[in-house]
Amino acid sequence: MKFTLNVWRQEGPTASGRFEDYQVTDIAPEMSFLEMLDALNEQLVQQGKRAVEFDSDCREGICGTCGLVINGKAHGPKQACTTCELRMRHYSDGSTITVEPFRATGFPVIRDLVVDRSAFDRIIAAGGYISTNTGSAPDANAIPIAKAIAEKAMDSAACIGCGACVAACPNASASLFVGAKLNQLSLLPQGEAERGRRAVRMVEQMDAEGFGNCSNHGECEAACPKEISIKVISRMRRDALRASFGRL
Amino acid sequence: MSTNSTRLDARIPDGNLQDKWSNHKGSIKLVNPANKRKYKVIVVGTGLAGGAAAATLAELGYNVQSFCIQDSPRRAHSVAAQGGINAAKNYQNDGDSEYRLFYDTIKGGDYRAREANVYRLAQLSTSIIDQCVAAGVPFAREYGGTLANRSFGGAQVSRTFYARGQTGQQLLLGAYSGLMRQVDAGRVELFSRREMLELVMVEGRARGIICRNLVTGEVEKYAADAVCIATGGYSTVFFLSTMAVNCNASAIWRCYKHGAMFGNPCFTQIHPTCLPQSGKDQSKLTLMSESLRNDGRVWVPKTKGDKRPPQDIPESERDYYLERKYPAFGNLAPRDIASRAAKEVCDAGYGVGPTGYSVYLDFGEAVDRLGEKTIRERYGNLFSMYHEITDEDPYRQPMRIYPAPHYTMGGLWVDYNLMTTVPGLYALGEANFSDHGANRLGASALMQGLADGYFVLPTTISDYLAEHRPDGLTADDAAFDASMKQVSDRTQRLLSVNGKKTVREYHWQLGRILWEEVGMARHDKGLKSAISDIQSLRQDFWNDVQIGGQGEEFNKNLEFAGRVADFLELGELMARDALERKESCGGHFRTEYQTDDGEALRNDEDFCHVAAWEYQGEDAVPARHTESLDFENVKLSQRSYK
């Protein structure tokens with residue numbers, strides 16, 4: 001297969017960016033989208049040109065490092081799929097593909113397709129944990145947790161922190177990310193003690209990082225590679241609101 | 001050329017096996033709680049071992065600096081572990097115990113691990129599960145609300161705890177949340193997108209590190225009272241492996257060059273259930289969790305070169321070779337054995353798929369027995385991952401799998417306290433060599449990472465720190481500037497080659513050599529040729545590599561180049577170690593040493609030891625030291641899974 005790539009190039013956080021066109025050929029349909037970009041970079045380096053910078057690590061959809069906006073869609077056209085899992089067979093031979101970084105105020109561009117998502121770490125640091133010191137835990141079976149509750153908590157815990165929800169949201173809101181963590185921890189009895197304080201602090205930090213508000217577009221749920229439900233956002237709002245009135 | 005070195009004192013405590021760890025804890029020197037905050041500890045790596053250690057050390061009151069190459073600590077490659085974590089809870093009442101977990105691990109490692117370390121690991125395994133549940137890890141549960149378990153390769157009890165097919169992710173996020181809690185409390189200073197490129201030694205002790213800031217390219221220096229390395233394994237040396245593309249050996253390699261001995265570098269694990277290799281464009285081999293072998297049956301056609309689609313091959317013409325050869329364990333035979341068996345049938349011409357180098361993993365019988373719904377519940381995410389990559393539906397046709405480099409049992413040599421041969425330098429998790437011998441059992445990596453990080457290191461480090469009080473050393477010391485200059489010079493050297501071949505090309509070539517000669521089957525002649533091939537490839541690299549870009553900027557190609565340069569040295573050490581170990585054990589299979597029915601033939605007389613390699617300078621042959629392994633509680637026997 002061969003493709004024309006329309007790739008966002010930007011030398012640094014303050015530099016102005018632009019799209020550049022590249023041709024790639026001999027692309028096998030079973031290659032992943034990132035392997036196709038690897039092939040492009042091999043070609044560029046051999047020509048003495050600067051490789052296109054993009055982030056990736058596990059290349060199996062679990063670490064959350066990769067993330068590109070492909071033809072306008074975060075992580076590309078497939079449901080429940082990260083950029084690294086996406087295969088070239090989903091594109092028609094000879095087509096033009098536009099590749100951009102995840103764009104949001106909270107995710108400044110570092111170079112080309114690489115963005116800074118450290119805001120997510122700061123949000124987790126603002127209470128996205130259960131305060132328990134190593135060694136102080138009771139026996140793991142001391143507190144039974146209904147299978148259905150554990151499964152629901154796991155649905156939320158599946159978040160990989162990639163930021164596709166932010167990239168897809170017209171408001172660049174991080175509500176799906178924050179809601180997922182709050183939901184996981186508040187469903188579990190271990191997380192109950194800090195439930196209210198946690199919701200207030202994490203939402204405040206999200207706002208401070210420059211992410212927008214949720215206005216129920218639902219784009220986040222559609223883009224989420226782990227199919228996390230937008231319902232987590234309603235729980236986040238309820239908890240944060242109740243806690244701010246001292247009711248949680 | 002080998003010496004049983006007095007420098008390799010494992011410092012194993014006295015007493016009965018069961019009492020060693022508690023005796024040791026009782027005699028370790030402590031640091032007064034009020035004095036802990038005067039110490040600074042560097043932890044490099046934020047996976048299960050590094051993340052848990054940094055969080056726990058900070059809880060204890062130490063000042064911690066935590067470093068990772070990823071953009072966030074949550075992305076360390078522990079995240080990708082799928083199947084589960086072992087613990088001797090015996091919740092299933094199926095006869096499990098600390099001793100049984102210990103015994104399985106020692107036997108699984110083909111009697112090449114230390115008894116005392118492995119027993120401690122089994123003892124700590126239960127506390128790990130308690131800790132993780134308390135931290136909010138949503139393990140799978142039964143309807144009554146208790147924790148669920150499953151069985152895993154190499155064990156006959158159900159002792160594996162799991163969170164769907166994402167156990168590593170959930171455990172890592174648990175450790176990460178504990179780490180971020182300490183960042184919130186101001187006791188951990190977090191440095192992400194930093195790559196450790198030098199270890200700083202002052203008066204014979206590890207006192208700091210030099211990093212490259214991967215965003216700006218600046219070289220930075222950090223001083224501390226102790227340095228802990230938790231940077232994972234080195235399977236990426238094979239280019240194609242199940243590891244993340246950024247996994248590397250550079251941090252442990254710097255330590256090796258400063259005198260930390262490297263234990264058993266040739267002990268690498270080739271995982272039996274991975275997607276097969278297809279072409280040169282592939283960037284990694286995706287693992288399909290070993291848990292699939294609980295319900296999937298492995299087979300090849302009985303006729304060589306049978307090209308019929310699998311569904312057209314009748315039952316009587318299929319060879320379920322694992323069930324045939326190992327009736328007691330069947331498809332759950334340990335990884336090294338299952339991998340070798342796959343290679344054997346493919347080498348003999350029975351393999352399937354376009355290259356003839358894959359075997360079937362078939363769920364047909366399980367779907368008939370349990371229904372598609374149950375299979376979907378158990379393995380849904382793995383099946384969809386497989387479907388997306390191969391465009392084949394595993395509910396309708398068998399998966400095709402083949403072994404791939406996965407885990408490295410070898411690593412920095414450490415004593416019972418996890419300290420390397422360099423004072424003040426510790427190694428944790430996969431970065432050390434300690435607990436798995438010549439082969440790791442499934443669901444034991446997560447256990448070891450968290451045992452080291454949550455419980456062992458935070459306890460043992462005070463023994464050293466109490467003896468080495470803070471002395472006011474800062475990164476202004478001249479030793480730091482000298483190390484920084486080494487890092488900058490090396491970067492310049494890499495960039496100035498300005499040749500014609502890409503970094504990836506070299507890495508790919510190195511991977512080919514290692515896969516062919518230092519992979520699943522090794523022999524004298526092949527290992528010797530691997531050593532000379534790697535030497536000439538390394539020379540070629542420094543003459544003809546093309547990187548592009550600058551040092552003082554975000555430059556992924558430069559990062560990869562530095563790592564590949566180190567792999568080109570490490571690969572040679574692996575081959576050297578494999579050459580000197582003239583026996584077969586676990587994942588190290590020398591074709592010259594096998595039993596009549598093709599199983600690994602150990603030589604306990606001459607090789608019941610750890611080989612620890614000491615750096616002797618550029619282009620000099622490293623020195624091989626040995627630490628003999630004494631088995632007082634288990635009887636060495638020919639490992640049998642029949």
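## A tour of chains A and B

The C-alpha centres of domain 1 and domain 2 of chain A lie 29 Å apart; the bounds of such domains come from an automatic or database domain assignment. This is a predicted model, in which local features need pLDDT of at least 70 and side-chain atom pairs count only at pLDDT 80 or more, while totals for chains, interfaces and linings use all residues. Residues are numbered from 1 along each chain as its sequence is written, and chains are lettered from A and ligands numbered from 1 in the order in which they are written.

**Stop 1: the domains of chain A.** Select residues 3-111 of chain A for domain 1 and 117-244 for domain 2. Between them, 17 residues of domain 1 of chain A are in contact with 18 residues of domain 2 of chain A, contact being C-beta atoms, placed from the backbone, within 7 Å. The domain 1 side of chain A comprises nine nonpolar, seven polar and one charged residues. Here Ala, Val, Leu, Ile, Met, Phe, Trp, Tyr, Cys and Pro count as nonpolar, Asp, Glu, Lys and Arg as charged, and the others, Gly among them, as polar.

**Stop 2: the interface between the chains.** Display both chains next: 63 residues of chain B are in contact with 66 residues of chain A. On the chain B side, α3, α5 (115-134), α6 (167-184), α11 (372-390) and α16 (556-580) each supply at least two residues. Helices (H or I, at least four residues) and strands (E, at least two) are DSSP runs, numbered from the N terminus. Colour α6(B) separately, as this helix gives the largest share of that side, nine residues. By class, the chain B side holds 21 nonpolar, 26 polar and 16 charged residues.

**Stop 3: the sheet of chain B.** Select the open sheet of five strands in chain B, whose order is β6-β3-β2-β10-β18 with parallel pairing; two strands pair if DSSP finds at least two bridges between them. At the edges are β6 (188-191) and β18 (425-427) of chain B, each pairing on one side only. From one strand to the next, the twist averages 20 degrees.

Helix α3 (residues 48-60) of chain B packs on this sheet, touching β2 (40-44), β3, β6 and β10 (226-229) of chain B, and its direction makes about 165 degrees with that of β2(B). Axes are lines fitted to C-alpha atoms, for helices over the stretch in contact, and angles run from 0 to 180 degrees between N-to-C directions.

**Stop 4: a helix pair in chain B.** Select α14 (residues 503-517) of chain B together with α16(B): their axes come within 10 Å and cross at roughly 20 degrees. The helices α14(B) and α16(B) are therefore roughly parallel, a term for angles under 35 degrees. Show side chains at the contact, including B:Y506, B:L510 and B:L514 of α14(B) and B:F560, B:V564 and B:F567 of α16(B). The residues of this contact divide into eleven nonpolar, three polar and one charged.

**Stop 5: the domains of chain B.** Finally, select residues 271-404 of chain B for domain 1 and 487-607 for domain 2. Seven residues of domain 1 of chain B are in contact with seven residues of domain 2 of chain B. Helix α9 (residues 335-347) of chain B gives the most to the domain 1 side, with five residues.

Technical notes:
Two residues are in contact if their C-beta atoms, placed from the backbone, lie within 7 Å. Angles under 35 degrees count as roughly parallel, over 145 as roughly antiparallel, 65 to 115 as roughly perpendicular and the rest as oblique.
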